[in-house]
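Please read these notes with the model open beside them.

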Amino acid sequence: MGAYAPAAGVSARGCLDAAGPWTISRALRPPLPPLCFFLLLLLAAPGARAGGYETCPTVQPNMLNVHLVPHTHDDVGWLKTVDQYFYGIKNDIQHAGVQYILDSVISALLADPTRRFIYVEIAFFSRWWHQQTNAMREVVRDLVRQGRLEFANGGWVMNDEAATHYGAIVDQMTLGLRFLEDTFGSDGRPRVAWHIDPFGHSREQASLFAQMGFDGFFFGRLDYQDKRVRMQKLEMEQVWRASASLKPPTADLFTGVLPNGYNPPMNLCWDVLCVDQPVVEDPRSPEYNAKELVDYFLNVATAQGRHYRTNHIVMTMGSDFQYENANMWFKNLDKLIRLVNAQVSVPTLWYPCAHVHLHPGALCHVHSSQCCLCFLLFYCGHSITNDHTRSSSKQWKYIVLQFCSSFLKPLRTLPASTGPFASPWDKAMAVLQHHDAVSGTSRQHVADDYARQLAAGWGSCEVLLSNALARLRGFKDHLTFCRQLNISICPLSQTAARFQVIVYNPLGRKVNWMVRLPVSEGVFVVKDPNGRTVPSDVVIYPSSDSQAHPPELLFSASLPALGFSTYSVAQVPRWKPQARAPQPIPRRSWSPALTIENEHIRATFDPDTGLLMEIMNMNQRLLLPVRQTFFWYNASVGDNESDQASGAYIFRPNQQKPLPVSRWAQIRLVKTPLVQEVHQNFSAWCSQVVRLYPGQRHLELEWSVGPIPVGDTWGKEVISRFDTPLETKGRFYTDSNGREILERRRDYRPTWKLNQTEPVAGNYYPVNTRIYITDGKMQLTVLTDRSQGGSSLRDGSLELMVHRRLLKDDERGVSEPLMENGSGAWVRGRHLVLLDTAQAAAAGHRLLAEQEVLAPQVVLAPGGGAAYNLGAPPRTQFSGLRRELPPSVHLLTLASWGPEMLLLRLEHQFAVGEDSGRNLSAPVTLNLRDLFSTFTITRLQETTLVANQLREAASRLKWTTNTGPTPHQTPYQLDPANITLEPMEIRTFLASVQWKEVDG
């Protein structure tokens, strides 16, 4: 994404590998004379080990080392689709052709052995690579070996940092880095993370990068107020202590802010897309400008150097989709290097490595604030709910991810199901993590193409699932995947008199799950895997449109850890329906309060307004007044203070106080032995069902919003708000990419004095899985089923953005208003509400968030299929584990890595100090030897988080910080029978396995 992108530069000592944001390097040097330069052209991505630091040019300790970094930033979809960008199609929209960029860069590198270049987006590079001849591949391998073509970051895409879940981040990084490792070996391994375009930076992202083995992290975008203060205090570099739970230096990461975003300095862009003057060094020419350009460059470098503590600065030389004619860039850079070095005592100018700037000898400040490196103002405000307003496909991104990845944990590991490493759904899900995809900042036709890629990946996933389930169940049956269950559409269950329901649980612990299926009217008998009848109900929702609200069959399924259970459903013939229908509740001031409750929770509704007014945790005897309803902000189209409008990037309401969708709701009540529901209708375009199941410890709010009316010419940004009397002192808490919890303070930033210019948008933060408020005794937590923007704009209140529809573009590059029609105009989602003591709340929200992200999935079969193996009985239940995992342990990854080898990730999902009452934050020790039911681990090798280095061989640069020496890490030991996980620790293994017989 190129709009709103200032020029970018990266400081590094010799290569980009070690420098990174939030590390203040205190170099003990006096200011350098302005003309004492040693220029290094940095053309390497922190990636090659053999060609890593050893291939970097020698730096000069007593001079200002300026590292020029030739690069291109190639969005994996934005204004054009992925294919349109790669092939150079639709250049009337944006002139960009990635295949030509890579062709041109390779030719330019071969023309001069001193040139270097870095590349980032492996989704594009891998496609280009597979189209090359063997001879060209060898040429490229040689360039990588020499360190002249380097890879920075190395992920399939440059992922978003706000709307992404940590599991998806790890997966897409693993995909890209494995391609580099398989193709180039250690020569292609990046040394630094490179996030120059994402719209803000999360603490968890930095923690993950550190655990992946990166030496440093560079980014381009940050709050303009934050940047100004850091430039003044020479704090553009720091060591980011990115975890409050992991022992240093596990999550410590040298982090550097690029001074110009990711563009070249002004007047120094020599691309076909630029209009700056080339270097003319012939003094006889009337266009001669060499001396003027050199003097200008030296002034720019001197000014930039004043904001960094070391004698190393970086200038990024490139931008969006540049270097299609790489000769233009390199020819002018060659001249600049030669001319500048001719004026100083060291007449040599180099193209440096991407990682040479890393300077572990300097004293670094440690940034360990609970707050993320704050998202840009327009990002805090560009509500992350775009992930479902730009394209309805983004609503099921985790369904696809977990159904085709987590669902397949035991299934993909079967010998017969071993397939190519980069499956279609792996690639599709990786592409969706791009910072213009999951964030919703692409054009509509690009969002439609993302949906196409997901659908294609899903189709191949269904084939593999069908084959694997057939083998495990012992049936060759035609499986049905009801992709539209969230809107009560499933043709098989709605037409068949009998069918089977296979419910899969991807968690490492047992789960009870309420299954809901649309059916025809009637009475049904449901039997469990052992043939016993289980309680069931059919609920009828009266509506003028019976297709939109068909009857629903409910029954509770008991699911084994990492496995499935098969339930049979049969309609009882000629019985009159005994289904339960919602009863309308008249609005009368004298009506008693309406309640729904189970053994754990009671929810009370105001009889006058129909709104939720009180929640009680009956186990803890906690009673909290809670008023929940929907509001909308009137989207700004510009005002006297600014002409900035709300749009795809920007959330900017025209006033601080939102307007209510309605001050009351028409309500209907459903009460059966299996469910209690209050149906609230706020308007023709906004409704909600508040739901309780037996045994459930949380309140479920299923909301439906849209199409938002804009006939009054007012754009609307809709929120769900919870108001309580809790005294929260301006504080609220959100998760960081689904893992650690961060404290937020209203109108406050921990590293500078905030000048709050946007009191609503400036207090919005990413909410990936949960947000909560607490007074220290009682805690109200709301969990989300997707990434959203959230805040607490007054004490005792919290709100979440659920939908947006806008009439004006925000002029940040997309050139389209956020005005989706069709299915994307209507959104349905869920909020799960927990009330607990502050001490015990983590146990509830940690485990519930895990189950919400990795919810059980339903597959249907007509039944009566042929036996898979005539000699084996059918299987109606299966578990991939021989014993459950402890509640604090999550099986993050179990995937095929090669013949007889699996990739295994285990994580401790509690932070230090959480839930001391149940001891869930204590270290956990596991025996992996006989944990799994389909294989035995014969050899275990521990790796970095992305499995591209063995842990015992991996090393990162060590930093001296202002907090004193970093503790020595525990000596490396590995015993498969004794694997210990510390709080928030993820451990990654390559496991050699011996398969067991799984046919029934």
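1. Helix H9 has 16 residues, and at 1.5 Å a residue it should span 22 Å; the end C-alpha atoms are 22 Å apart, which agrees. The expected span is 1.5 Å times one less than the number of residues. Helices here are DSSP runs (H or I, at least four residues) and strands are DSSP runs (E, at least two), numbered from the N terminus.

2. This is a predicted model, in which local features need pLDDT of at least 70 and side-chain atom pairs count only at pLDDT 80 or more, while totals for chains, interfaces and linings use all residues. Residues are numbered from 1 along each chain as its sequence is written, and side-chain values use heavy atoms, without hydrogens and water.

3. H9 is largely enclosed by the rest of the structure, because twelve of its 16 residues are buried. Buried means under 20% relative accessible area, exposed over 50%, and partly exposed in between (1.4 Å probe, protein chains only). Among the buried residues are Trp-329, Phe-330, Leu-333 and Ile-337.

4. Met-328 also lies in H9 (residues 326–341), but is partly exposed, at a relative accessible area of 30%.

5. Elsewhere, four strands form an open sheet in the order S45-S46-S51-S48, with antiparallel pairing. Strands count as paired if DSSP finds at least two bridges between them. At the edges are S45 (889–898) and S48 (935–943), each pairing on one side only. From one strand to the next the twist averages 30°.

6. Eight bridges join S48 to S51 (residues 986–995) in the antiparallel sense. Arg-939 has Ser-992 in S51 as its bridge partner.

Technical notes
Axes are lines fitted to C-alpha atoms, for helices over the stretch in contact, and angles run from 0 to 180 degrees between N-to-C directions.
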